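Here's a quick tour of the charged side-chain pairs in this one. Have the viewer open as you read.

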Amino acid sequence: MWLLKLAWKNLWRNRSRTLVTQSAIFFAVLLSVTTSSLQDGVFDHFVRNMVSYYSGYIQVHQVGYWEQQILDNAAVRNTAVESVIANHPDVNALASRIESYALASVDEITKGCVVIGVEPDAEPQITQLDQRVASGRYFEHNDQRPVALLSEGLAKRLQLPVGDTVILISQGYHGAMAAGKYRVIGLVRFGSPELNDQVLYLPLPVAQAFFSAENLVTSYVLSLATDKNLERTAASIHRSIGQEYEVMTWKEMMPEVDQHIQTDKGTMYIISGILYLLIGFGIFGTLLMLMAERKYELGMLVAIGMKKQKLMVVLLIESVLNVVVGCVAGMLASVPVVWYLHVHPIRFSGELAEAYQRFGFEPVFPASTDGWLFIVQGIVVLAMGFLLSLYPLLKVWRLDVVTAMRK
């Protein structure tokens, strides 16, 4: 106990030296937490933008549909299965779809398109489709009229304004002939050129009637509160609904996007490593300065009879107190900084912003408020501080009293 008291008194005997040491650790934690929260926030925001386009976090299909995406592999709509999925604690929203291909025709112009039958009320909870309407309006509640929403690129190819009629021709369920005409009530805008040039939406009952596929769906699309437990949630849903369905995460449906994110994360890990290296040099430089200032003091203590082992324990306690105080202060100070960057994210402007918007992503860098970020980064810097604190112990162990006391 007396060693602890001695270490505490030593800390505040030279306040400026102690504050410099603690400040180095404080700013290291603050910088580490802020950088990591921005990294995670950017990737989370990217994934949310990407899955809100079309795929959702998870999709449920009849077994075999993903390998051969035809109407004959569609599933009979099952309210019991829908209820099980919707009541899963990690699922925020569920929407049913039927999807296939068709030829869209206006006068003498014909263009292939993807026809997606959606639930007018449920779909916006997954993809915010109602907010992507650039002109005209969205479907009405439980809409069952022969109306359609066209992507802007497709409407431009067909030279089709809002209020005009589009004719669709396709092959329906079990080879049935599918044909119909639909009034265009709105145009939707996507950042993705692939979606913007070929997508046409119908209300789900209207699309089912068009494809002669009453009560059939090709997919259930799910939105989650968070993707932190994505694979576990998918596995849990699969166990709940049985083996006749396949449950796929967005990573399985779009592996190229997942690989791109993993590559970017690898780059960010390298940047984080460089940051930790700079933090380590900063803390070590502070310790070098501290030992240079205390060289005479330590030599005198050993000269008057204090054992090196006890002196090393005192220095270790001092180091632990410095590191803990600096880390705790840094973690507390980073909370309002991260929260501010979460509420008021970094926004880009100019050409960079336009590039993001062209692909449908907001040109913003928000910070993540995940509590584990604060804990993990605090522990990492804490471990670095403890490791670097071994340097003063080594210097004391190798201390030459005569040399240390020579001014």
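## Ground rules

For accessibility, buried means under 20% relative accessible area and exposed means over 50%, with partly exposed in between. Keep in mind that you're looking at a predicted model.

How many salt bridges are there? The count comes to 8.

Start with Arg 137, which pairs with Glu 140 in a salt bridge, with 3.9 Å between the closest N and O atoms. That just makes it under the rule, because the cut-off is within 4 Å. Arg 137 has a relative accessible area of 33%, so it counts as partly exposed. Glu 140 is partly exposed too, at 41%.

## Arg 189 and Glu 152

Next up is the salt bridge between Arg 189 and Glu 152, where the closest N and O atoms sit 2.8 Å apart. Arg 189 is in the loop between strand E8 (177–188) and helix H6 (193–196), while Glu 152 belongs to helix H5 (residues 152–158), so the pair ties together parts that are 37 residues apart in sequence. Glu 152 comes out as partly exposed, at 23% relative accessibility.

## Lys 251 and Glu 231

Lys 251 and Glu 231 also form a salt bridge, at 3.8 Å from N to O. Here two helices are involved: Lys 251 lies in H9 (residues 250–253) and Glu 231 in H8 (residues 230–241), so parts 20 residues apart in sequence are tied together.

Both partners are partly exposed, with relative accessible areas of 26% for Lys 251 and 45% for Glu 231.

Technical notes
Residues numbered from 1 in each chain as written. Predicted model: local features only at pLDDT ≥ 70, side-chain atom pairs only at ≥ 80, totals over all residues. Heavy atoms only, no water. Salt bridge = Lys/Arg side-chain N within 4 Å of Asp/Glu carboxyl O. Buried < 20%, exposed > 50% of the residue type's maximum accessible area, 1.4 Å probe, protein only. Helix = DSSP H or I, 4+ residues; strand = E, 2+ residues; numbered from the N terminus.
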